[in-house]
Amino acid sequence: MRRFIVIGHRVATSGDFNLNDLCGSAGRLDILLRCINSSFFLSHAIRRDVELFLILKGEPHPPRTIRVNGREIKYLNPDERSTAALIRNALLKKLDGEVRSTPGIYISKRNFEDVIEEVAKTQLIYLKEDGENIKDVKIKDNATFVLSDDRNLNEEEESILEKYNAHKVSLGPLDLHTDHCIILVHNEMDRRDKLHEDKIIQFESTDFGKVVIDGRTYGDVLIANNEVVPRNKGFLRRVFGTSHKISEEEIERLLEGDVEVIVIGTGQSGVLFVDSQIIEKIKSANVELVVAKTPEAIKLFNSLAKEKKVNALIHTTC
Ligand SMILES: C[S@@+](CC[C@H](N)C(=O)[O-])C[C@H]1O[C@@H](n2cnc3c(N)ncnc32)[C@H](O)[C@@H]1O
């Protein structure tokens, strides 16, 4: 899930603002409404895999956090006035913890740090002109992007981001509108997702001594960084006297790139030996390890590779 957090420094925190004056009496609520549009609207569709937190810091009851969840959202239209009415309804709710106002719109008294703490296990990205170029940054699917409204984040807000090790990332040299930044992030991430989908490796079948991958037949293989490499069984036999063991070099390759899961297929009847040192090394690199007999392992690889960066070592004989 992609997440955005936007701080509205002056946005009203009571529901008695004038829907005809969203820039004035509502304290630049118009900026946050445009952020809702940019976060969720596609042409004739809603982005379901998105969550947006709006931190409202204006008078009279700051702070308020509005959470908008793309999977549940209903009654969202592209015109800002009708979305402003949804926000006003939320602000009129009596609060006790986080309260659902309408489907997909929640409100609470949480402040910026509470929200950052909640998402701290995701990759935190602070969007700022002078950050590292987004093109050079590896970004995980579950990243959280933090932006400000028409004012920069203040020192206290920046120090909270520092405390949680947020990575400062730039979308370009110019100072852009917040809602435009959200569109640019979506575009960058959509392109990366598409590239990843286009290159996803998928196994077709396995039988004794072979696997078929995307129409080609191989013996034992190692998959790393979206590349299929035959295992060097001659080398393994020379070193270990058998290809039923995994070499140091193979483990190094399996840990390449920003791998999230390693799948090991232990053969048709599970003879490949995965020793405890290998398991320890993979776990200490914070990489998930899946070990299964090859017919099961290739199925697991196929489904995991659609969601995560997966490397694999597949033994094909016994
Ligand atoms: C309109 S700008 C903030 C106010 C402005 N910098 C000022 O002069 O007070 C809105 C927000 O969008 C994000 N932003 C704008 N331009 C950006 C860029 N080139 N790269 C990354 N983030 C940017 C930042 O989070 C920024 O706080």
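This is a predicted model: local features need pLDDT of at least 70, side-chain atom pairs count only at pLDDT 80 or more; totals for chains, interfaces and linings use all residues.

Student: Is Arg-28 buried, exposed or partly exposed?
Tutor: Arg-28 is partly exposed, because 19 other C-beta atoms lie within 10 Å. Its phi is near 65°, a positive value in a residue other than glycine.

Student: Where is Arg-28 found?
Tutor: Arg-28 is in the loop between strand 1 (2–8) and helix 1 (29–40). Helices (H or I, at least four residues) and strands (E, at least two) are DSSP runs, numbered from the N terminus.

Student: What about the phi of Asp-214?
Tutor: Asp-214 is not a glycine, yet its phi is positive, at about 45°. It belongs to the loop between strand 12 and strand 13, and it counts as exposed because it has 10 C-beta neighbours inside 10 Å. As background, most residues other than glycine have a negative phi, and most peptide bonds are trans.

Student: Moving on to strand 5, how many bridges join it to strand 7?
Tutor: Four bridges join strand 5 (residues 64–69) to strand 7 (residues 105–108), and the two run antiparallel. Two strands pair if DSSP finds at least two bridges between them. Within this pairing, Val-68 has Ile-105 of strand 7 as its bridge partner.

Student: And what joins strand 6 to strand 7?
Tutor: Strand 6 (residues 99–102) is antiparallel to strand 7, with three bridges between them; Val-99 has Ile-107 as its bridge partner in strand 7. The two strands form a hairpin with two residues between them, and Gly-104 in the turn has a positive phi of about 85°.

Student: Now the ligand. Which residues come nearest?
Tutor: Leu-127, Leu-147, Ser-148, Leu-171 and Leu-176 come nearest, of the 17 residues around the ligand. A residue is near a molecule or strand if its C-beta atom, placed from the backbone, lies within 6 Å of it.

Student: Which elements give two or more residues to that shell?
Tutor: They are strand 8 (124–133), strand 9 (144–148) and helix 5 (178–198). Strand 8 gives the most, with three residues.

Student: How does the shell divide by class?
Tutor: It has six nonpolar, six polar and five charged residues. Here Ala, Val, Leu, Ile, Met, Phe, Trp, Tyr, Cys and Pro count as nonpolar, Asp, Glu, Lys and Arg as charged, and the others, Gly among them, as polar.

Student: What is the strand order in the five-strand sheet?
Tutor: That open sheet has the order 15-14-18-16-17, with mixed pairing. Strand 15 (227–230) and strand 17 (288–292) stand at the edges with a single partner strand each, so one side of each has no neighbour in the sheet.

Student: How do strand 14 and strand 15 pair?
Tutor: Strand 14 (residues 221–224) pairs with strand 15 in the antiparallel sense over four bridges. Leu-222 has Val-229 of strand 15 as its bridge partner.

Student: And the three-strand sheet, what is its order?
Tutor: This open sheet runs 11-12-13, with antiparallel pairing. Strand 11 (203–207) and strand 13 (216–218) are the edge strands, each pairing on one side only. Strand 11 and strand 12 (residues 210–213) share four bridges in the antiparallel sense, and Thr-206 has Val-211 of strand 12 as its bridge partner.

Technical notes: Residues are numbered from 1 along each chain as its sequence is written. A residue is buried if 20 or more other C-beta atoms lie within 10 Å of its own, exposed if 12 or fewer, and partly exposed in between; C-beta atoms are placed from the backbone.
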